[in-house]
Amino acid sequence: MQNVKREPSPFFSWLAETRVGKIVRKKIKKMFARDNQHSEAHSSVEKGVMLSGVKLRKIKSVIDPNLGKFTVTGEALEMAIKEDRARGLIPFVFVASMGSTNTCGVDFLTEIGPICNREGIWLHVDAAYAGAFLLCEEYRYMREGVEMVDSFNFNAHKAMHVNFDCSPMWFKDGRRATKYFSVEELYLKHTEDHETPEYWHLQTALGSRFRSLKLWFTLRSLGVKIIQEHLRWLNDRAMLFASLIESDDDFELFVPQHLELGGNAATEALLSAVNVDNRIHIVPASVDGTFFLRLAVCTTRTTDEDIRFSFSILKELAQPILKAL
């Protein structure tokens, strides 16, 4: 279980020490390798790219007509690859989003995957909190094409009743991934050296906290059914908030509600008023120059009353701002 989002992306921390990473770093004076990512990818990806010493290209996302969410199209990815290679750059990894932070956007793996596989580009999926929803059958459309993915990461502590921090990292080829950090010192060998997986080979440190144990205890104690019910319950709270926004002429949804993320178009003045009022907390975001507020339901104790209360505060604080327009 790798470290969480406040630390550099686990994938890039691993990548920097691999054979590919070392080759790229040797060529860094002559050319920069290119990392491509969803334009709304998490900031941890950008920090990981900085640590890896490579260039970053954010591929502009567009609204998907089916979900109404932001996504990177295969056409945009192919164009970025051609442009980079024409400039003498080496595109080698694409970081896809499954539930982007700002709008819960999803990159469709069935469209992105074949391109990455054909072009020899590593496909990593940052599933953030949305990855947990794959436990529910109705949300498994997001995993279509996952067989083409090289690595997959999500935060179990955000929506699965697992305490902070726990972020499972999956590799398509675990043995290939671990060999890059494998060391052969005699004092580290044991009789079952080649029969059991050595997870410490996936990191720079020789030891780490036993994060997988608390995930195991959660699954054993609650079971999949209870966790599924909780995920659906979170989504229902977000749907309630979205319905309140849609039924009020003073507000509008920036993007359709998706999973437990509900959002509304707003102004910086409203955010400032919310922060000064101090009765609720809501998070701002900006996409393509549009500033809006986003509400994410992640706790186990949020009720319908809490959602209605939050909306009533926004409504109350918005009135003097609207009158001043």
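A residue is called buried when its relative accessible area is under 20%, exposed when that area is over 50%, and partly exposed in between. In this predicted model, buried residues make up 49% of the 325 residues in the protein chain. The chain holds nine helices and eleven strands, and its accessible surface comes to about 16,800 Å², of which 54% belongs to carbon and sulfur atoms. Among contacts between residues at least 6 apart in sequence, 67% join residues that are at least 24 apart.

**The nonpolar cores**

- The largest nonpolar core has 57 residues, and those with the most contacts inside it are Phe94 and Met98.
- The elements that give two or more residues to this core include the helices α4 (74-86), α5, α7 (211-246), α8 (268-277) and α9 (304-323), together with the strands β5, β6 and β11 (290-296).
- Helix α7 provides the largest share of this core, namely nine residues.
- A second, separate core has nine residues, among them Val54, Val93, Trp122 and Ala177.
- Leaving aside residues up to four places away in sequence, methionine 98 touches Gly105, Leu109, Val125, Asp126, Ala127, Ala130, Leu134, Met142, Arg143 and Phe152.

- Helix α3, which spans residues 43-52, has Ser44, Val45, Gly48, Val49 and Ser52 as buried residues.
- The face of α3 that is turned away from the buried side carries the exposed residues Ser43, Met50 and Leu51.
- Just after α3 comes glycine 53, which takes a positive phi of about 75 degrees.

**Buried polar residues and their contacts**

- Aspartate 126, one of the residues touched by methionine 98, has its place in strand β6, which covers residues 122-126.
- The relative accessible area of aspartate 126 is 8%, and this residue is therefore buried, since the cut-off is under 20%.
- A polar atom of the aspartate 126 side chain lies 3.3 Å from the backbone nitrogen of alanine 128.
- Aspartate 126 and phenylalanine 154 are 28 residues apart along the chain, whereas their C-alpha atoms are separated by 6.3 Å.
- Serine 100 lies in the loop between β5 (90-97) and α5 (109-119), and at 2% relative accessibility it counts as buried.
- The side chain of serine 100 has a polar atom that lies 2.8 Å from the backbone nitrogen of glycine 105, and glycine 105 is also among the residues that methionine 98 touches.

- Alanine 80 is found in helix α4, and with a relative accessibility of 2% it counts as buried.
- The C-alpha atoms of alanine 80 and proline 91, which are eleven residues apart along the chain, are separated by 8.8 Å.

**Cysteines and disulfides**

- A disulfide is a covalent bond between the sulfur atoms of two cysteines.
- When a disulfide is counted as a pair of cysteine sulfur atoms within 2.5 Å, the count for this model comes to zero.
- Cysteine 116 counts as buried, at 0% relative accessibility, and cysteine 136 is buried as well, with a relative accessible area of 0%.

**Backbone features in the loops**

- Phenylalanine 164 and aspartate 165 are joined by a cis peptide bond, with omega at about -5 degrees.
- Aspartate 165 lies in the loop between β7 (151-153) and β8 (169-171), and histidine 161 has its place in the loop between β7 and β8 too.
- Histidine 161 has a phi near 70 degrees, which is a positive value in a residue other than glycine, and at 34% relative accessibility histidine 161 counts as partly exposed.
- Asparagine 278, in the loop between α8 and β10 (283-287), likewise has a positive phi near 70 degrees although it is a residue other than glycine.
- With a relative accessible area of 63%, asparagine 278 is exposed, because that value is over the 50% cut-off.

Note on methods: Residues are numbered from 1 along each chain as its sequence is written. This is a predicted model: local features need pLDDT of at least 70, side-chain atom pairs count only at pLDDT 80 or more; totals for chains, interfaces and linings use all residues. Side-chain values use heavy atoms; hydrogens and water are left out. Buried means under 20% relative accessible area, exposed over 50%, partly exposed in between (1.4 Å probe, protein chains only). Helices (H or I, at least four residues) and strands (E, at least two) are DSSP runs, numbered from the N terminus. A polar contact is a pair of N or O atoms within 3.5 Å; within protein, one must be able to donate a hydrogen and the other to accept it, and residues adjacent in sequence count only if both atoms are side-chain atoms. A nonpolar core is a set of buried Ala, Val, Leu, Ile, Met, Phe, Trp, Tyr and Cys residues joined through side-chain atoms within 4.5 Å. Contact means heavy atoms within 4.5 Å. Accessible areas come from the Shrake-Rupley method with a 1.4 Å probe; for residues, only the protein chains shown count as cover.
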